[in-house]
Amino acid sequence: MNRNPLIPFGLIFIFGIGLMFLLSFVGLGNMEEIANGGEEAAPQETASASPEEIYQQKCSSCHGVDFSGGVGPDLHGVSGRYSPEEIKTILNEGKGIMQGGLVPADKVEEMVAWLNEL
């Protein structure tokens, strides 16, 4: 009886691809728990956070820890480039690749004042 020797390899291939997709979806479902080292993700308190704390949590990954830029532009002298109203609009609506709404609506005024001091 002659059997095709490629069938076992094909079955292993199909099983492996299916397992890879299954584990990917499980990982996506547990993404926050995995990122926190197995602990439940606690909701971040931004209502009582200062503008600098909000910046460190949500903005520093693009604008840099020292405000010098990176993916996002340098924030030093931002008050010379934009008016306070323009800064509010950027924080609320986003600009370029920056998404809007990163700063809570009740903290936008404080963030604008803080950015103008940089």
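Modeller: Let's start with a cut-off: a residue counts as buried when its relative accessible area is under 20%. Keep in mind that this is a predicted model.

Colleague: Happy to. Is Ser 60 buried or exposed, then?

Modeller: Ser 60 has a relative accessibility of 13%, so it counts as buried. Its place is in helix H3, residues 51–63. Setting aside neighbours within four places in sequence, Ser 60 touches Tyr 55 and Val 65.

Colleague: Thanks! Now the salt bridges: how many does the structure hold?

Modeller: The general idea is that side chains of opposite charge can pair when their charged atoms come close. Here the structure holds three salt bridges. Glu 85 and Lys 88 pair at 3.1 Å, N to O, and both sit in helix H5, three residues apart, about one turn of the helix. Lys 88 also pairs with Glu 109, at 2.6 Å, N to O. Because Glu 109 lies in helix H6 and Lys 88 in helix H5, this pair ties together parts that are 21 residues apart in sequence.

Colleague: And which salt bridge does Lys 107 form?

Modeller: Lys 107 pairs with Glu 110, with the closest N and O atoms 3.5 Å apart. Lys 107 is buried at 10% relative accessibility, while Glu 110 is partly exposed at 38%. Shared partners join Glu 85, Lys 88 and Glu 109 into one network.

Colleague: How do I read the way H5 and H6 cross?

Modeller: Look at the axes: those of H5 (residues 84–93) and H6 (residues 108–117) come within 10 Å and cross at roughly 125 degrees. That makes H5 oblique to H6, and the crossing is right-handed.

Note on methods
Residues are numbered from 1 along each chain as its sequence is written. This is a predicted model: local features need pLDDT of at least 70, side-chain atom pairs count only at pLDDT 80 or more; totals for chains, interfaces and linings use all residues. Side-chain values use heavy atoms; hydrogens and water are left out. Axes are lines fitted to C-alpha atoms, for helices over the stretch in contact, and angles run from 0 to 180 degrees between N-to-C directions. Helices (H or I, at least four residues) and strands (E, at least two) are DSSP runs, numbered from the N terminus. Angles under 35 degrees count as roughly parallel, over 145 as roughly antiparallel, 65 to 115 as roughly perpendicular and the rest as oblique. A crossing is left-handed if the near helix is turned anticlockwise from the far one by less than a right angle, and right-handed if clockwise. Buried means under 20% relative accessible area, exposed over 50%, partly exposed in between (1.4 Å probe, protein chains only). Contact means heavy atoms within 4.5 Å. A salt bridge is a side-chain nitrogen of Lys or Arg within 4 Å of a carboxyl oxygen of Asp or Glu.
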